[in-house]
Amino acid sequence: MGRSGQHAVTAALTAAAVAGAVLVASTAFATPPLTSGFGAPSLGATATLGTSATSGAAWGSSATEAAGSRTAMLAVLAMAAAGAALIVQNKGGGHGELGYHLALKLAKDKGLKVTMINDSAAKKTKPPFDSYADLEAAGVEVKWAALAEEGALASAMEGVGPCDYVFDNQNVCTKDVQKAVAVWSPKAYAYVSSGGMYKPVKAGPLLETGDVKEDNEQLSLEKSAADA
């Protein structure tokens with residue numbers, strides 16, 4: 001995903017979170033239109049963003065421009081709201097860039113109290129992790145945890161919450177995050193999936209309507225997020 005696409009997805013996540021929805025997003029695509037939501041017992045309304053359940057926007061220049069327009073409109077419509085947000089962050093890749101910019105956006109533009117729990121497997125001397133001083137300067141509390149280890153998430157979440165907005169920006173312990181935050185009944189929950197769920201293509205853009213891998217953990221996690 002290019003940097004313009006990362007900013008587009010960040011804007012969509014921020015706007016939709018303030019509106020109050022459960023989202024499933026993907027780091028591989030430009031942002032397609034939001035589908036109709038449905039009720040969830042403990043996590044509010046649900047919609048999908050950037051998954052095979054949506055209309056299938058292609059990743060390319062035209063899709064990027066359209067995505068920018070849609071997310072810009074969403075951002076204009078979104079109202080700033082005081083509250084708290086939790087971001088559980090992957091060790092890197094597209095997730096890393098999204099989480100960094102999202103944390104800054106929520107803290108500086110939306111005035112939220114933001115806590116980020118970052119996978120300690122991240123290379124802290126590489127971007128964007130080497131710029132985390134920017135997050136701390138904006139008031140973001142950054143905590144590190146070995147998310148793959150049993151009990152690590154629970155330890156990192158001690159003293160955190162309840163939070164109004166939860167961004168599950170990783171694929172290591174997604175179901176654990178869902179279980180941990182359900183008691184909060186957050187206004188919005190967003191799960192950021194991965195383009196790794198799709199079979200590679202020889203040429204051309206990767207489409208959301210493309211074939212997914214048979215052994216597909218990401219798809220399972222997306223369904224779990226939507227059903228939470």
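A crossover is right-handed if, with the strands pointing away from the viewer, the path from the first strand over the helix to the second runs clockwise. I wanted that written down before anything else.

**Entry 1: ground rules.** I am looking at a predicted model, where local features need pLDDT of at least 70, side-chain atom pairs count only at pLDDT 80 or more, and totals for chains, interfaces and linings use all residues. Residues are numbered from 1 along each chain as its sequence is written, and side-chain values use heavy atoms, with hydrogens and water left out. I took helices (H or I, at least four residues) and strands (E, at least two) as DSSP runs, numbered from the N terminus.

**Entry 2: the unit.** I used my definition on β4, helix α3 (residues 93-109) and β5, and together they form a right-handed β-α-β unit.

**Entry 3: strand β4.** Is β4 buried or exposed? I found six of its six residues (84-89) buried, so the rest of the structure largely encloses this strand. Buried means under 20% relative accessible area, exposed over 50%, and partly exposed in between (1.4 Å probe, protein chains only). In a regular strand the side chains alternate between the two faces of the sheet. I checked both faces of β4: A84, L86 and V88 are buried on one side, and A85, I87 and Q89 are buried on the other.

**Entry 4: neighbours of β4.** I counted two strands as paired if DSSP finds at least two bridges between them. β4 runs parallel to β5 (residues 113-119), joined by six bridges, and I noted Q89 with N118 as its bridge partner. β7 (residues 165-169) also pairs with β4 in the parallel sense, over five bridges; here A85 stands opposite Y165.

**Entry 5: N118 up close.** N118 sits in β5, and at 0% relative accessibility I count N118 as buried. What does N118 touch, leaving out residues up to four places away in sequence? I listed Q89, N90, F129, Y132, K143, W144 and A145, with contact meaning heavy atoms within 4.5 Å.

Entry 6: I found a cis peptide bond from P127 to P128, with omega near 0°; P128 is in the loop between β5 and α4 (132-137). The bond from G161 to P162 is cis too, and P162 is in the loop between α5 (152-156) and β7. S185 is not a glycine, yet has a positive phi of about 50°.
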